[in-house]
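This report describes a metal site, a nonpolar core and a sheet in turn. The sequence and structure are shown first.

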Amino acid sequence: MSSKQGIGIHMKDFCPIQRFDHLEFYVGNARQAALFYSKFFGFTNTAYRGLETGKREVTSYVLRQGNICFVLSTALSPNHPISQSVLKHGDGVAVIALEVPNAFNAYQETTKRGAVGVIPPTEDEDKDGVFRYAAIRGYGDTLIKFVERSDYFGVFAPGFEPLDHTDKGNFVGLYEIDHVVGNVELGAMEQWVEFFANTVGFNLLVHFDEQAICTEYSALISKVMQDGTGKIKLPINQPAKGKCKSQIEEFLEYNHGPGVQHIACATHNIIDTVLQMKTAGVKFLSVPKAYYENLEERVGKINEPIEQLAELGILVDRDEDGYLLQIFTQPVQDRPTLFFEVIERHGAQSFGEGNFKSLFEAIEREQLLRGNL
Ligand code: FE2
């Protein structure tokens, strides 16, 4: 079952957050990853920092689409922390960066409430202004970075140089990050709910217990944490005891610990977006045809043609505020870890819990193929 709670606490927000600033991926080969996200996911490569710009240890590319920003970074020597992270976790999201009005305050307020400081408040300066940031530790090795941009006017951050936009990628209509989900170990859920609630000032929006998210083989618990304004949603999953290895356990095994499981990107036209992504070569989870039989009886009237949704494998769910359409990619690297969701909301504020069962069954079919069930 699911339950909503903790909404509408009108305390002063001690750590106000303006938006997702960017997600930084640590990868084995940022040059090739940048091509993957531009050719398959429609991002544009907008800025670069590396050897040619005087950065000796790390190469980074800044990819943008709508309000979404991904930074892809590779280290150039084996002992650099980015190389060590890639060795352990594989390619994946290492930094969740949030824009804040004051990075120093965000660091002070969270560390005094128990957050582990990783990067103390720092100022970088170049001809385009002053860029301030700080970071605390999130689940696993993931960093939560506070970025302050009010005095910085450059392309991304000091040291980055703009790339000419002749290669626009092939924009597929993704316009913002809807939510970012993390997987944590069995027994670690409460610790991370308390971390986000007490240390970062988030609220528990909703939780789903193992009866709600249960298949023949596996179960999990999910809790959705969000910031005071509801713009930043960070759901957390924890495995629950099942008959076989759950998809969360598979993730934890291959990621060698907790980390970001999926990034949900919003579109205004999921049919068009998914058509373009599929044509480009993105692999999505398949949905059995039976899912679409009696779909409107289950979710009510929707505007999109069901045959087209069935053809593309797009899922539908409804809550008291409206409906949503969603679809999930296969993992985007060899390890069965990070994947993406594309979501189009028509009022619904939930996360597609009506689809959890069919989604997990689809994931389990893939797990079985990998010999991990
Ligand atoms: Fe999601």
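Buried denotes under 20% relative accessible area, exposed over 50%, and partly exposed the range in between (1.4 Å probe, protein chains only). The model is predicted: local features need pLDDT of at least 70, side-chain atom pairs count only at pLDDT 80 or more, and totals for chains, interfaces and linings use all residues. Residues are numbered from 1 along each chain as its sequence is written, and side-chain values use heavy atoms, with hydrogens and water left out.

**Iron site**

The iron ion has the protein donors His179 (NE2), His262 (NE2) and Glu341 (OE), at 2.0 to 2.2 Å. Donors are N, O and S atoms within 2.8 Å of the metal (3.2 Å for Na, K and Ca); water is not among the atoms, so sites may look incomplete. The donor residues follow the spacing H-x82-H-x78-E in sequence. Because histidine 179 belongs to strand S11 (residues 174-183) and glutamate 341 to strand S18 (residues 339-346), the pair ties together parts 162 residues apart in sequence. Helices (H or I, at least four residues) and strands (E, at least two) are DSSP runs, numbered from the N terminus.

Both histidine 179 and glutamate 341 are buried; histidine 179 counts as such because its relative accessibility is 2%.

Polar contacts are pairs of N or O atoms within 3.5 Å; within protein, one must be able to donate a hydrogen and the other to accept it, and residues adjacent in sequence count only if both atoms are side-chain atoms. Two distances are listed below.

| Feature | Partners | Distance |
|---|---|---|
| Side-chain polar contact | Histidine 179 and aspartate 178 | 2.7 Å |

**Nonpolar core**

A nonpolar core is a set of buried Ala, Val, Leu, Ile, Met, Phe, Trp, Tyr and Cys residues joined through side-chain atoms within 4.5 Å. The largest holds 99 residues, of which Phe25, Tyr37, Phe70, Phe196, Ile263 and Phe340 touch the most other members. Domain 1 (19-162) and domain 2 (174-370) both contribute residues, so this core lies between them; the domain bounds come from an automatic or database domain assignment. Another core, apart from this one, has 21 residues, including Tyr26 and Phe131.

**Sheet**

An open sheet of 9 strands runs in the order S7-S8-S9-S6-S2-S5-S4-S3-S10, with mixed pairing. Since S7 and strand S10 (161-162) are the edges, each with a single partner strand, one side of each is left without a neighbour in the sheet. Strands pair if DSSP finds at least two bridges between them; S8 and S9 do so in the antiparallel sense over 6 bridges.
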